[in-house]
Amino acid sequence: MSIIFDPADRGASQNAAQGNVAQGGAAQNGAAQEIPASVRNAMELNPNAAQNAAAQSAGAQGGEQTPSAPTWRYEVNTPEEFQKFVQLSSQGAVIFALYAPHSPSSLQMLEGVQKLVDSAAGSMICAAVDVTKLPEAAQAFGVSGVPAGVAVLAGRPAPIYTGPVSAEDLGDVLSQVLQLAAQYQLPGGFDPVVPDDEKPLPPLHAEAVAALDRGDLEGARAAYRKAITENPGDKEAKLGLEQVELLARVKDLDLATERAAAAADPMNIEAAFNVADLDLVGGHVEDAYNRLLRLFSAVGPDDKARVRERLVQLFDVVGASDPRTVKARAALTMALF
């Protein structure tokens, strides 16, 4: 396999580079050239390198556990994050791996890209894009299906795979990307992903967590609301607030009483909401989703918006990428039409 990049002036501004991607720049215009084989000082990727390293870490003597290996796979969930990683391509190669949770082959390719990128130890990064959550990325690259991969250097994209490819071919093409990055003097030097449990909490988030630890739901609610006021784009604060609201709703509920009310009247929306909330807090996520999905199908038009809103709230609490949420969201979409 070989990869073709537009050899036009690498010094184009990042604004122009972003424009190329936003307009579906994967369809290259003008003259193109293959990566010169003579490029030196570029890292050669070994498709087994990441697996070997992982095996060495896992094979601790005497059953000792070692910290998980660092990764350079980042999740891209919003248009703003997409543009951020396009901009980072001025530092080194950014490999956009487009996938969908319902596509096993795309998940397998994503895993392969991640292993190879991790073996490069910061010379490039993997930008993982779930196209069901961010279809704009697929549109920008002119991608019509998954799996698909696009390498971006200095804001200039080039497709590297469409459909499944072997680990050897993928390793070859990513080695070529690194060769071209070396030619363009884009060394990478990217930092690995910092695990969530190692990231310090913002002050207001820490205040909310401390309030929750002492059972002060109102204090936690106030802290998260203040965080959202200061930064309307703070998704973690919004999630935290949803969780606090859930805990507040179930605080004084009795499960047996609410189940009896819901069983006596399946159209009792409040009882259904209460049982779903209690099921969610108790870890019965699918039961909570299924109850509200059945209710959504049964109620009249005036109540559907209300039930849908509660379902979306529960989706946010569990997490959009959770397989149970993905399945329930798809069922809700089908029910809407």
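Start by selecting strand E3 (73-76) and helices H3 (79-88), H7 (203-213), H9 (235-250), H13 (301-318) and H14 (323-336): each supplies at least two residues of the lining of the largest pocket. Helices (H or I, at least four residues) and strands (E, at least two) are DSSP runs, numbered from the N terminus. This is a predicted model, where local features need pLDDT of at least 70 and side-chain atom pairs count only at pLDDT 80 or more, while totals for chains, interfaces and linings use all residues. Residues are numbered from 1 along each chain as its sequence is written, and side-chain values use heavy atoms, with hydrogens and water left out.

Stay with that pocket, which holds about 2,000 Å³ of space. On a 1 Å grid over the protein atoms alone, a pocket is an open set of points where a 1.4 Å probe fits, with protein on both sides within 12 Å along at least five of seven lines; lining residues have an atom within 4 Å of a point. The volume is the space filled by probe spheres set on the points, which are joined across faces, edges and corners. Now pick Asn77, Glu81, Lys235, Glu236 and Leu239, the closest to the pocket centre of the 46 lining residues. H9 gives the most to the lining, with 7 residues. Colour the lining by class and you get 18 nonpolar, 12 polar and 16 charged residues. Here Ala, Val, Leu, Ile, Met, Phe, Trp, Tyr, Cys and Pro count as nonpolar, Asp, Glu, Lys and Arg as charged, and the others, Gly among them, as polar.

Next, show E3 with its sheet. Five strands form an open, mixed sheet in the order E3-E5-E4-E6-E7. E3 and E7 (156-162) are the edges, each with a single partner strand, so one side of each has no neighbour in the sheet. E3 pairs with E5 (124-130) in the parallel sense over 4 bridges; strands pair if DSSP finds at least two bridges between them. Zoom in on Tyr74, which stands opposite Ala127 in E5.

Two backbone spots are worth a click. Val146 and Pro147 are joined by a cis peptide bond, with omega about 5 degrees, and Pro147 sits in the loop between H5 (135-141) and E6 (148-153). In the loop between E6 and E7 you'll find Ala154, which has a positive phi of about 50 degrees although it is not a glycine. Most residues other than glycine have a negative phi, and most peptide bonds are trans.
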